[in-house]
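Take a look at the model below.

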Amino acid sequence: NRNRTASGRSRTVTQALVNVDFGPAMILGSGLVASGLALYQVRVVRPEVSKDYDIMFASVALLCGGILIFQGWRLDPLLLFGQILTAFAAVTFAAEAVKLRGQVSEELQAQVERERRQQGGGSSLPGQERMSPQQQQQQQQYRDDYDA
């Protein structure tokens, strides 16, 4: 856009200056943003696998990805290569950690189910002892009286 000033000279007005170049930095940045969003999604889909500090790592991935998308064109090729290696290592370790948390969670659930079956279907919550047959009969009678 060119505007004329009172003296008759024209001046150029810059409205927006964003340089986004589709290259390796853009692809890496998009991958980091996607991995950050996936880490946020783990908290929604499988909360038993998620940890509180995952939010911090997801935020860092989103921030770094955004910086690479908008400023990656300025990176020297050697620095870009180092950034690719670092991002690949971080995403690999994060994926492995989430996978291992899932396995541990499944093993704990299986162990709780085995303990419940061994106790005869009673509750296996910590701090709850098994009721004697007399207590079970009293509890059943109370339920019957309450339902009537």
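A residue counts as lining a pocket when it has an atom within 4 Å of one of the pocket's grid points. Keep that in mind for later. This is a predicted model.

Begin with the whole chain. The protein chain has 4 helices and 2 strands. Read from the N terminus, the elements run β-β-α-α-α-α. Buried residues make up 16% of the chain's 148 residues. The protein chain exposes about 11800 Å², and carbon and sulfur atoms supply 58% of that area. Residues 24 or more positions apart account for 57% of them.

Next comes the largest pocket. It holds about 560 Å³ of space. Its lining has 22 residues, and the closest to the pocket centre are Leu39, Ala61, Ala90, Val91 and Ala94. Helices α1 (24-45), α2 (54-71) and α3 each supply at least two lining residues. Which helix gives the most to the lining? That is α3, with 10 residues. By type, the lining divides into 16 nonpolar, 4 polar and 2 charged residues.

Helix α3 covers residues 77-118, and Arg101 is found in it. Is Arg101 buried or exposed? Arg101 has a relative accessible area of 15%. The cut-off for buried is under 20%, so Arg101 counts as buried. What does Arg101 touch, leaving aside its neighbours within four places in sequence? Arg101 is in contact with Val49, Ser50, Lys51, Tyr53 and Asp54.

Key
Residues numbered from 1 in each chain as written. Predicted model: local features only at pLDDT ≥ 70, side-chain atom pairs only at ≥ 80, totals over all residues. Heavy atoms only, no water. Buried < 20%, exposed > 50% of the residue type's maximum accessible area, 1.4 Å probe, protein only. Contact = heavy atoms within 4.5 Å. 1 Å grid on protein atoms, 1.4 Å probe; cavity = no way out; pocket = protein on both sides within 12 Å on 5 of 7 lines; lining within 4 Å. Points joined across faces, edges and corners; volume = space filled by probe spheres on them. Nonpolar A, V, L, I, M, F, W, Y, C, P; charged D, E, K, R; others polar. Areas by Shrake-Rupley, 256 points an atom, 1.4 Å probe, with all protein chains shown as cover.
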